[in-house]
Amino acid sequence: MIPAELEKAILEAKNEGCKPLFVNATGGTTVFGVYDPIDAIADICEKYGMWLHIDAAWGGSALLSRTHRQLLKGIERSNSVTWCQHKMMGVPLQCSAFLLRDNDGLLFDAHCAGARYLFQQDKCYSVDYDTGDKSIQCGRKVDAFKLWMMWKAKGNSGFEAEIDKKFDNARYMRELIREREGFELVTEGEAPNVCFWYVPPSMRDMEKGTEYQQKLHQVAPLIKERMMKTGTMLVGYQPLKPYVNFFRMIYSNRATNRKDVEWIMDEIDRLGNDIVLK
């Protein structure tokens, strides 16, 4: 998100008689792993009295790393945050949090059905512990227990080391892609996302025009098919305008190391080097 464009859109809406009330910024996008400039966006939201929500489902766990937490600078100024611990932190599915600042009663006000047969108000303990009236689904598993157990086992330093390693694996893969023929980065990225094309030898001397783009669009699906049939690995791909199909390698496994990164690239090259498209 470009802050100047955000403010421009707000002013345009106000001039049309509308009342903008909500901004959704992102702390680590799903595909490219990009972080919005939260501090600058928060300035605008405070200026116009708007609610600022941060979708940090994927990238929020960077806060646990002293090296990478600056990517989320200003997140404490937001009104609400989405954060999925089952993603970058590696907590077993499902484990997610919706965090609120200065609005402790908001979820209760939004979802409470007042079912007294479920949530009696005269219990011998604080009814604040009855979280069912704060969620859409009422009953749910104790997902937070998994996070608590892992945090007790690993501690802040353990999670920090794992997250730093995931960022390092992504950084190492980008370095290899820059150096290796047949691989090309789509974007640099900030999170442990690596988006890239594999260009088979049969296409490396082509001009990068319309025909090249049409053929390149077919490469990733063909290699993915071969991955599935040989059973060696699974790496996702997708298009994203204006880009044709590209691979998106996500580093979220704490056990992955640099030798694995090298093997992934070797295997993609092995699976795709004989591709010839007509």
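R171 and D168 both lie in helix α4, 3 residues apart, which is about one turn of the helix. Their side chains meet in a salt bridge, with N and O 3.5 Å apart; a salt bridge is a side-chain nitrogen of Lys or Arg within 4 Å of a carboxyl oxygen of Asp or Glu. The model is predicted: local features need pLDDT of at least 70, side-chain atom pairs count only at pLDDT 80 or more, and totals for chains, interfaces and linings use all residues. Residues are numbered from 1 along each chain as its sequence is written, and side-chain values use heavy atoms, with hydrogens and water left out.

**Salt bridges**

Across the whole structure, a search finds 20 salt bridges.

| Pair | N to O distance |
|---|---|
| K73 and D39 | 2.6 Å |
| R171 and D168 | 3.5 Å |
| E188 and R178 | 2.5 Å |

K73 lies in the loop between β2 (51–55) and β3 and D39 in helix α2 (residues 38–48), so this pair ties together parts that are 34 residues apart in sequence. K73 and D39 also belong to a network of salt bridges that links them with D43, E46 and R77. K73 is exposed, with a relative accessible area of 54%, whereas R171 is partly exposed at 37%. Here buried means under 20% relative accessible area, exposed over 50%, and partly exposed in between (1.4 Å probe, protein chains only).

**Lysine 215**

K215 lies in helix α5 (residues 210–230) and is buried, with a relative accessible area of 13%. A polar atom of the K215 side chain lies 3.0 Å from the backbone oxygen of L277. Not counting residues up to four places away in sequence, K215 touches M203, M206, L277 and K278, where contact means heavy atoms within 4.5 Å.

**Pockets**

A pocket is an open set of points on a 1 Å grid over the protein atoms alone, where a 1.4 Å probe fits, with protein on both sides within 12 Å along at least five of seven lines; lining residues have an atom within 4 Å of a point. The largest pocket has a volume of about 650 Å³. Of its 19 lining residues, the closest to the centre are S96, A97, F98, L107 and R140. β4 provides the largest share of this lining, 4 residues.

The second largest pocket has a volume of about 150 Å³. Its lining includes G60, I75 and W83, and β3 gives the most to this lining, with 3 residues.

Key: Points joined across faces, edges and corners; volume = space filled by probe spheres on them. Helix = DSSP H or I, 4+ residues; strand = E, 2+ residues; numbered from the N terminus. Polar contact = N/O pair within 3.5 Å; in protein donor to acceptor, adjacent residues only side chain to side chain.
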